[in-house]
Amino acid sequence: MFLPAQQTPLAQLAQAVEIIRGGQRFLIAAHSRLDGDALGSMLVSAHGLQLLGKEVYLYNPDPVPRRLAWMTGAGEVRRKVSGGQRFDATLIHDCGARHLLGDQFPTAHVTGPLIVIDHHEVVSDLGDIVLRDQEAGSAGVVAMRLLAALGVREEALPLELATALFVSLVEDTGWFRYPNTNPEVFRMATAAMRSGVKTWEVALLLDEQLSEASLRLLTKVLPTLERHCNGKLALLTLDDQMLREAQATMDDVGKLVNYARALRGVDIGGQITVSDDRIYVSLRSKGRVHVGELCARFGGGGHHNAAGCTISFVDPSDVAVSLARAKALLISACEDSLNSSPSSD
Ligand SMILES: [Mn+2]
């Protein structure tokens with residue numbers, strides 16, 4: 001019934017358009033641990049489909065982070081798809097792996113065909129129709145391209161749609177700084193501004209609403225800094241005890257990993273989060289090392305300069321042992337990647 005994934009991007013886009021035109025109810029999903037692009041791209045599709053007279057149901061396994069809760073439609077995201085529903089198709093955003101949709105993601109009987117809207121480089125097999133462009137600045141860009149193919153004009157977007165698009169752009173390009181910043185990103189940012197988005201208003205809402213707990217947490221995490229691989233790898237570690245001491249929650253964590261990457265002489269910055277019998281690793285590269293490929297070795301994925309993976313505890317009763325082993329594995333993988341990537345200095 002559906003074209004195989006190796007069909008051309010244009011054929012896949014045409015088929016997605018046909019399914020959406022012919023359907024009425026759509027499930028809108030994204031990867032767990034929502035970030036500005038995952039939620040932003042979901043909301044681009046949700047507002048866009050509503051504009052076209054369709055009904056949408058928003059799902060994510062995790063709660064919406066506090067810093068994104070102001071976005072119009074964020075309050076509609078449900079952590080479970082309530083029983084008895086059937087959808088004509090499901091749009092999955094910013095996601096390259098099935099497990100990132102959570103255990104509550106419904107069966108094919110409920111979801112209908114899966115349309116993946118994504119820009120990740122390191123992915124596993126997911127989706128009946130795959131709209132994936134690794135050159136796209138964000139998943140929101142791919143979602144906007146689909147809306148354009150459905151007849152939504154970029155020049156006159158409803159403010160809530162324009163805002164969602166803008167958030168996806170600024171979050172994934174680091175406010176137009178990362179190498180994925182390209183003319184299409186600026187074109188869509190211009191369209192968003194023409195539709196009424198104000199940059200400073202968005203910046204205030206996204207980045208100028210820190211809790212005091214987040215600063216207390218910073219004072220716990222920064223002293224954990226370690227340098228490895230001749231200083232080229234910088235690691236920060238966060239655990240539940242630090243959260244308790246700072247009276248903080250995961251909502252207060254923020255982008256700690258950027259402090260590690262920003263150091264002079266560092267090629268890879270990493271943040272290790274120890275929580276719930278799992279060790280979650282976030283890596284950021286300045287460009288020399290492809291951290292997406294590095295994380296894929298541990299079953300994770302992502303992009304050239306930003307990626308993540310999860311490492312299970314070897315011994316849930318002894319956190320220190322599990323953490324030491326995870327660090328050793330990570331350091332040796334980074335060492336390999338650094339050795340096989342040409343040095344810039
Ligand atoms: Mn993204």
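How many residues does helix H6 have, and how far does the helix reach from its first C-alpha to its last? The structure examined is a predicted model, in which local features need pLDDT of at least 70, side-chain atom pairs count only at pLDDT 80 or more, and totals for chains, interfaces and linings use all residues. Residues are numbered from 1 along each chain as its sequence is written.

Helix H6 spans residues 183–194 and has 12 residues; helices are DSSP runs of H or I with at least four residues, numbered from the N terminus. From first to last C-alpha, H6 reaches 16 Å, close to the 16 Å expected at 1.5 Å a residue, the expected span being 1.5 Å times one less than the number of residues. Val185, Met188, Ala189 and Ala192 are the buried residues of H6 (20 or more other C-beta atoms within 10 Å of the residue's own, with C-beta atoms placed from the backbone). These residues lie on the same side of H6 because they cover an arc of only 105° around the axis, as given by the directions from the helix axis to the C-beta atoms. They pack against helix H4 (139–149) and helix H5 (159–173). Gly196, with a positive phi near 115°, follows H6.

The protein is divided into domain 1 (9–207) and domain 2 (213–339), with bounds from an automatic or database domain assignment. Their centres, taken over C-alpha atoms, are separated by 27 Å. In domain 1, 10 residues are in contact with 10 residues of domain 2, contact requiring C-beta atoms, placed from the backbone, within 7 Å.

Conventions:
Contact = placed C-beta atoms within 7 Å. Helix = DSSP H or I, 4+ residues; strand = E, 2+ residues; numbered from the N terminus. Buried ≥ 20, exposed ≤ 12 C-beta atoms within 10 Å, placed from the backbone.
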